[in-house]
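Dear colleague,

Please find below the structure that I am handing over to you. After it I set out what was found in it.

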Amino acid sequence: MLESLSPRGAVAVGLLALVPTVIFGLTRSGLGGLIATVNVVLISAALYVTMTPIEGHRTATDGMGA
């Protein structure tokens, strides 16, 4: 199920976490909310980079595997 998740889908799900961090920042701690929001953005960017296909990468299913 999660293997079929596209990088854009993973980032979209990750960015949904911005909602509670912004609410936390507005209601409890402004600085804590800002730090949590930056963390969510960094994690979402890392997910996008990690899940993006590598150009020229060979897999076992393309007939060129070892």
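A residue is called buried here if its relative accessible area is under 20%, exposed if it is over 50%, and partly exposed in between. Please also bear in mind that this is a predicted model.

Overall make-up

The protein chain contains 3 helices and 0 strands, and its elements follow one another as α-α-α from the N terminus on. Of its 66 residues, 15% are buried. Its accessible surface amounts to about 5,300 Å², and carbon and sulfur atoms account for 70% of that area.

Helix α1

Helix α1 spans residues 7-15, and its buried residues are Pro7, Ala10, Val11 and Gly14. These residues lie on the same side of α1, because the arc they cover around the axis is only 100°. The exposed residues Arg8 and Val13 sit on the face of α1 that is turned away from the buried side. Among the elements that cover the buried residues of α1 are α2 (18-27) and α3.

Leu15 also belongs to helix α1. Leu15 has a relative accessibility of 35%, so it counts as partly exposed. Along the chain, Leu15 and Ser44 are 29 residues apart, while their C-alpha atoms are separated by 6.6 Å.

Contacts of Thr21, Thr37 and Val40

Thr21 is part of helix α2. With a relative accessible area of 11%, Thr21 falls under the 20% limit and is therefore buried. Beyond the residues up to four places away in sequence, Thr21 touches Gly33, Ala36, Thr37 and Val40.

Two of these partners deserve a description of their own. Val40 is located in helix α3. Its relative accessible area is 12%, so Val40 is buried as well. When neighbours within four places in sequence are left aside, the contacts of Val40 are Gly14, Ala17, Leu18 and Thr21. One of these residues, Gly14, is 26 residues away from Val40 in sequence, yet the C-alpha to C-alpha distance between the two is 7.1 Å. Gly14 is itself among the buried residues of α1.

Thr37 is likewise placed in helix α3. Its side chain reaches the backbone oxygen of Gly33 at 2.7 Å. Leaving aside neighbours within four places in sequence, Thr37 is in contact with Leu18, Thr21 and Val22.

A nonpolar patch on the surface

Which residues form a nonpolar patch on the surface? They are Leu31, Leu34, Ile35, Val38 and Leu42, and together they have about 500 Å² of accessible area. Leu31 has its place in helix α3, which covers residues 30-51. Is Leu31 buried or exposed? Leu31 is exposed, because its relative accessible area of 59% is over the 50% limit.

In summary, helix α1 has its buried residues on the same side, with α2 and α3 among the elements that cover them. Thr21 of helix α2 touches Thr37 and Val40, among others. Leu31, Leu34, Ile35, Val38 and Leu42 make up the nonpolar patch on the surface.

With kind regards

Technical notes:
Residues are numbered from 1 along each chain as its sequence is written. This is a predicted model: local features need pLDDT of at least 70, side-chain atom pairs count only at pLDDT 80 or more; totals for chains, interfaces and linings use all residues. Side-chain values use heavy atoms; hydrogens and water are left out. Patches are made of residues with over 30% relative accessible area and no salt bridge: like charges are joined within 9 Å, nonpolar side chains (Val, Leu, Ile, Met, Phe, Trp, Tyr) within 5 Å. Accessible areas come from the Shrake-Rupley method with a 1.4 Å probe; for residues, only the protein chains shown count as cover. A salt bridge is a side-chain nitrogen of Lys or Arg within 4 Å of a carboxyl oxygen of Asp or Glu. Helices (H or I, at least four residues) and strands (E, at least two) are DSSP runs, numbered from the N terminus. Buried means under 20% relative accessible area, exposed over 50%, partly exposed in between (1.4 Å probe, protein chains only). A polar contact is a pair of N or O atoms within 3.5 Å; within protein, one must be able to donate a hydrogen and the other to accept it, and residues adjacent in sequence count only if both atoms are side-chain atoms. Contact means heavy atoms within 4.5 Å. The arc is that of the directions from the helix axis to the C-beta atoms.
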